[in-house]
Amino acid sequence: MAESYVRPLPAPELEAYVDDFAALVDTLPSTRSTIGCIVPAYNEEASIGAVLESLLAQTRLPDVVHVVVNNTTDRTVEVAAAFAGAHTRVDEDGFEQFTEIFIHDIGKNPDKKVGALNYGYTLVEGLDFLLGVDGDTVADERAIEFLEAEIASDSRIGGISAIYSIDDRELEGVVAPFLIAGQRAQFAAFNMQNMLRGRNMAVLGGQYSIFATHALRDAMAANRQSTPWVKDSEVEDSLLSLQIKSAGYLTKISARARADVGGMTTLRALDAQQVKWNYGAIELMWPGQRGDTKGQPFHPNLRLRWWENASMAINALSRILFLVLLAGSLSIGAFVFSPVWLIPPVVAILLNLRIALSMENRSARDILFAVLLLPAEVYMWVRIGHFARAWTKFASKKQVDNWAAQAKAERGSGQAYLAPMLIALAAVIAMVAIWTQLSPVVQSSILWVGWPMLGIITVLQTLSMFGKLVRRHHGYKV
C-alpha cells in the first residue's frame, strides 16, 4: 500500500510571518470610487424630503449630494435645508461612511432642469461618477451600491440607468390608480425590452442614472459642448445618451438597481409628459435638423424609437379599422361573429399578464390591469392620443415650450389633453354622415375590402405578441 502524504507543519517563524503579513494587509488604506449626486429640484416640496432620506439610507452613500433648486415657487428649499450638512454613519462591520448635502437655490433659471443639471455638473466634474436623481425619485437601499459595482466593472460603460417603476400605494379615486397601473405596465414592458437586448439602454433617464465623468467629458468634446446637457432638446437625457454612445461608450440598464419615479395621476399631466417625451424623440430620429439639434435617424439607440412609433401607428390603424368596419357591418345587418376573433385578445391578455408577473414589486392591481383587458385597452387609446398629439405638433413646425406645457399641466391648467378625444368625436360624426350617404353597393364593397385588410394586420400583430409571450426572460425582473 502506498504511503499517504503528510503535509509538513510550517516553521514557527514562517507562521509568525504569515500572521504579521495578514495584519499588515488589514491596515493598508483602501480606496474606492467617488460619486457626486446631483438632484435638480423644481417645486418638489412634497417629495424632496423622501428623496434625501432615501439617499442617506443607501448602503453605499454618495460622497456628496448637491440639491440644485431652480424656478421654484414652493417650500422646496426650506424642506431640503433640514438635511443640509455633514452626515456620518458607521455600518455593522465597523466601516465608516461620510457624505455632505449642499442646497443651492439658483433662482430663476431659463434653462430649467438642464440648467440645474449643468450647474451641478460643475460641482462634481472632478469625481469619478455623477449620479443624477430627480427630485421625486426614491430608490431601493442598495441602488447606488449596485450601480457603482456595475459601472466600475467595465471601462466601456459610460452610463447605467436604474430599473424604473412607480409606487402605486396611497392612491385615491379611480383615475389615479388606473393611470399609475398603466404607467407601471408601460415601464415594465420598456425595461424588459431593453433587458433582453443585452441590457443596452437607449435612454439613460435622468430619474436615477449614474455616469462616468470621463465619458461625459469625451461626449462634450466630441460635440463641442461646454456642458453635458444642452437646452435645445425636449429630451435632454435621450440626447446625452446618444452622444455618450456615439463617443464609443456603452449605455446600459442595471440588472438590480431599482427606483420608483414620480407618476402622473391626472390625464392632463400624463398627456403633457408623454407628448414632451414623444415630441423630443421625434426630433432626434427625424432626418434633417431643427434648430441646433440634428436628427439621427440611423443611430442605434433610436431603432427602438422607430419601432415604437411604427407599432403605435399600427395599433391605431387596426383599432380604428375594427370600429369602423364593425359599425358599418351592423348598420346593414352584415355582421357575422367568428370565435377566431377571440384569439388576439386572449394572446394580449396573456402577454399583459406575463409582463405583470415579471415585475419585482407587482401588486394585485397590476395583475387585474393585465387580465381584465379593458383597462389596458383604454390606456392604449390614451397613449395613441399622446403619439397623435406629438406628431401633430411636430408636423406643424410651430415653436413650442413643452417643458412649460408640462409644468402648467401638473399645476392643473390647460385643456390640450382633450384634443384627441374631440378630434376622434368629430371624425366619428363625419364618418357616420358619409356612410349614410353611400349606396348599399358601395357600403358592401368597402366592407368586402376592409375586413380582409384588417385580418392581415391582426394576424401580424398577434404573431408579434405571441413571439414576445414565448420569449425567454432569462430570470430578469423589472
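Which residue forms a salt bridge with Arg 305, and how far apart are the closest N and O atoms? I looked this up and found Glu 308, with the closest N and O atoms 3.3 Å apart; I take a salt bridge to be a side-chain nitrogen of Lys or Arg within 4 Å of a carboxyl oxygen of Asp or Glu. Glu 308 and Arg 305 are three residues apart in helix 10, so about one helical turn separates them.

I note that this is a predicted model, in which local features need pLDDT of at least 70 and side-chain atom pairs count only at pLDDT 80 or more, while totals for chains, interfaces and linings use all residues. Residues are numbered from 1 along each chain as its sequence is written, and side-chain values use heavy atoms, with hydrogens and water left out.

I then looked up the accessibility of this pair, where buried means under 20% relative accessible area, exposed over 50% and partly exposed in between (1.4 Å probe, protein chains only). Arg 305 counts as buried at 16%, whereas Glu 308 is partly exposed at 21%.

Next entry: other salt bridges. I found that the structure holds 19 of them. In one, the side chains of Glu 148 and Arg 60 meet at 2.9 Å, N to O. Glu 148 lies in helix 5 (residues 143-152) and Arg 60 in the loop between helix 2 (48-56) and strand 2 (64-69), so the pair ties together parts that are 88 residues apart in sequence; helices (H or I, at least four residues) and strands (E, at least two) are DSSP runs, numbered from the N terminus. Both partners are buried, Glu 148 with 12% relative accessibility and Arg 60 with 4%.

I also checked the salt bridge between the side chains of Arg 258 and Glu 360, which is 3.7 Å, N to O. Arg 258 belongs to strand 9 (residues 250-261) and Glu 360 to the loop between helix 11 (343-357) and helix 12 (364-371), so this pair links parts that are 102 residues apart in sequence. Arg 258 is buried at 11%, while Glu 360 is partly exposed at 41%.

Next entry: Asn 301. I located Asn 301 in the loop between strand 11 (293-294) and helix 10 (303-331), and with 6% relative accessibility Asn 301 counts as buried. Setting aside residues up to four places away in sequence, I found that Asn 301 touches Met 201, Ala 202, Ser 241, Leu 242, Lys 245 and Thr 251, contact being heavy atoms within 4.5 Å. A polar atom of the Asn 301 side chain lies 3.1 Å from the backbone oxygen of Ala 202.

Last entry: the nonpolar interior. I take a nonpolar core to be a set of buried Ala, Val, Leu, Ile, Met, Phe, Trp, Tyr and Cys residues joined through side-chain atoms within 4.5 Å. The largest one has 71 residues, of which Val 39, Leu 52, Leu 55, Val 67, Leu 131 and Tyr 208 touch the most other members. Strand 7 (residues 157-166) gives this core its largest share, six residues. At least three residues of this core come from each of domain 1 (31-264) and domain 2 (301-470), the bounds being those of an automatic or database domain assignment. Apart from this core I found another, of twelve residues, among them Val 230, Leu 239, Ile 282 and Leu 302.

Methods:
A polar contact is a pair of N or O atoms within 3.5 Å; within protein, one must be able to donate a hydrogen and the other to accept it, and residues adjacent in sequence count only if both atoms are side-chain atoms.
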